[in-house]
Amino acid sequence: MASLQHIRRRINSVKSTQKVTKAMKMVSASKLRRAQEAAEAARPYAAKMNEMFAGLSIDPDQATHPLLVPRAARTAAVVVVTPDRGLCGALNTNLCRMGLSRVRALEGDRVRVEVVAVGRKARDFFTRRAVTVEKAWTGLLAKADYPSAKEVAAHLLDAYQAERFDRVELVSARFRSVISQVPQRVQLLPVVVEGGSEGGAAGGPESKKPGAAGQTFLFEPSDEEVLGALLPKYIEVQLYQALLESAASEHGARMSAMDSATRNAGEVIKKLTLVYNRTRQESVTKELLDIIGGVEALKAG
C-alpha cells in the first residue's frame, strides 16, 4: 500500500495539473468568442462568392482559363490546415487522418502527392510518416488574417500554373459549436463551379454567357480578364475562410478538452483523498492496537 506521503504528493500533483487545465480553458474561452465571430462574419461573403460563380454556369469542357481547365492528374497537393499546438482533443488527429487518407487514395491512383502543411501538427505528422511536405507554414492560425491566406494562395496558384501540381485539395475544420468541429475536404484547383453546363467561354472585348434560369451575363472587357481577376480572389477567400474556421475550431476543441480534463482531475482528487483518509485511519488504528497490546503485556507481566 502507498504511503501517506506518496498519496499527498499525488494529490498535490493532480491539483497543480487541474490549475493549468482550468487556466487554459479560460484562455481558450476568451479567444473563442472573437474567433467564432470572425468565422461567422466571413461566411456570408464566401457563400455569396460561391453563389456568384455557380450563377455563371461555366462549362468546364468549354472553359479556357487555366484555373478552370481540368488536367490529367499526375501530381497533386493536399493542403492540410491544423493548429500549431495540441491539447485540443481529437481535432488534430481527425484532420491529419483525413489528409493521410486522401494522400493514400491519390497514391493508389498512381498520382504523386505532396502535402502543403499549414500548422506545426500537420507538418510533424506527415514528416514522421515519410510523406513529402512541399511547403509548411506555422503561426498562421494565431492571427488568421487575409494577408496570410493570400500568401498561401499565391504559392498554390504559382505552383498550379507552373504545372507542378495538376490538382490541389484542401483539408480543414469547419466550426459548428464548442463541442463539434467537423473535418472537411474541398477541391481548390482546378476550380469546380457548380451550376448549369450551358454556354461557352467566348473571347473578345465583350462576351455574353447564359447564367442560371436563362439569365445572360455581360463581361467587360472580356470573360478571360474578369475571371483572371476573380478566380485568384476566390481561392484566397476559400483559404481565408479555412483559416478562420480552423482557428475557431482550435479554441472550441481546446476549451472542451480542458473542461473535461479539469473535471476528470477533480474526480481523481476525490478518489485520492478518500484513499488518503482511509490509509491514515488504518495507520492510526494500527498504532492504537500496538499501544493497547503493549499496555496489556505490561499488566500481564
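What percentage of the 301 residues of the protein count as buried? In this predicted model, 39% of them do.

**Figure 1. Overview of the secondary structure of the protein.** The predicted model contains six helices and seven strands. Along the sequence, these elements follow the pattern α-β-α-β-α-β-α-α-β-β-β-β-α. Among contacts with a separation of 6 or more, 72% are between residues 24 or more positions apart.

Figure 2. In general, the strands of a sheet pair through backbone hydrogen bonds, in either a parallel or an antiparallel manner.

**Figure 3. Strand 1 and its covered faces.** Strand 1 spans residues 75-81, and seven of its seven residues are buried. On one side are T75, A77, V79 and V81, and on the other are A76, V78 and V80; all of these are buried.

**Figure 4. Strand 1 between its partners, strand 2 and strand 4.** Strand 2 (residues 112-118) runs parallel to strand 1 and is joined to it by seven bridges. In this pairing, A77 is opposite E114 of strand 2. From strand 1 the chain passes through helix 2 (residues 91-108) to reach strand 2, making a right-handed β-α-β crossover. Strand 4 (residues 167-177) also runs parallel to strand 1, and five bridges join these two strands. Here V78 is opposite E169 of strand 4, while V79 has L170 as its bridge partner.

**Figure 5. Helix 2 against helix 3.** The axes of helix 2 and helix 3 (residues 120-128) come within 10 Å and cross at roughly 50 degrees. This angle makes helix 2 oblique to helix 3. The crossing of the two helices is right-handed. On the helix 2 side, the residues that meet helix 3 are N92, C96, R97, G99, L100 and V103. Their counterparts in helix 3 are K121, A122, F125 and F126.

**Figure 6. Backbone details at R110, E163 and P190.** Most residues other than glycine have a negative phi, and most peptide bonds are trans. R110 is not a glycine, yet has a positive phi of about 65 degrees. This residue is in the loop between helix 2 and strand 2. What is the relative accessibility of R110? The value for R110 is 78%, and because the cut-off for exposed is over 50%, R110 counts as exposed. E163 is not a glycine either, and has a positive phi of about 65 degrees. The loop that holds E163 is between helix 5 and strand 4. The peptide bond from L189 to P190 is cis, and its omega is near -10 degrees. P190 belongs to the loop between strand 5 and strand 6 (207-210).

Terms used. Residues numbered from 1 in each chain as written. Predicted model: local features only at pLDDT ≥ 70, side-chain atom pairs only at ≥ 80, totals over all residues. Heavy atoms only, no water. Buried < 20%, exposed > 50% of the residue type's maximum accessible area, 1.4 Å probe, protein only. Helix = DSSP H or I, 4+ residues; strand = E, 2+ residues; numbered from the N terminus. Pairing = 2+ DSSP bridges. Right-handed = clockwise from strand over helix to strand, strands pointing away. Axes fitted to C-alpha atoms, helices over the stretch in contact; angles between N-to-C directions. Parallel < 35°, antiparallel > 145°, perpendicular 65-115°, else oblique. Left-handed = near helix turned anticlockwise from the far one by under 90°. Contact = heavy atoms within 4.5 Å.
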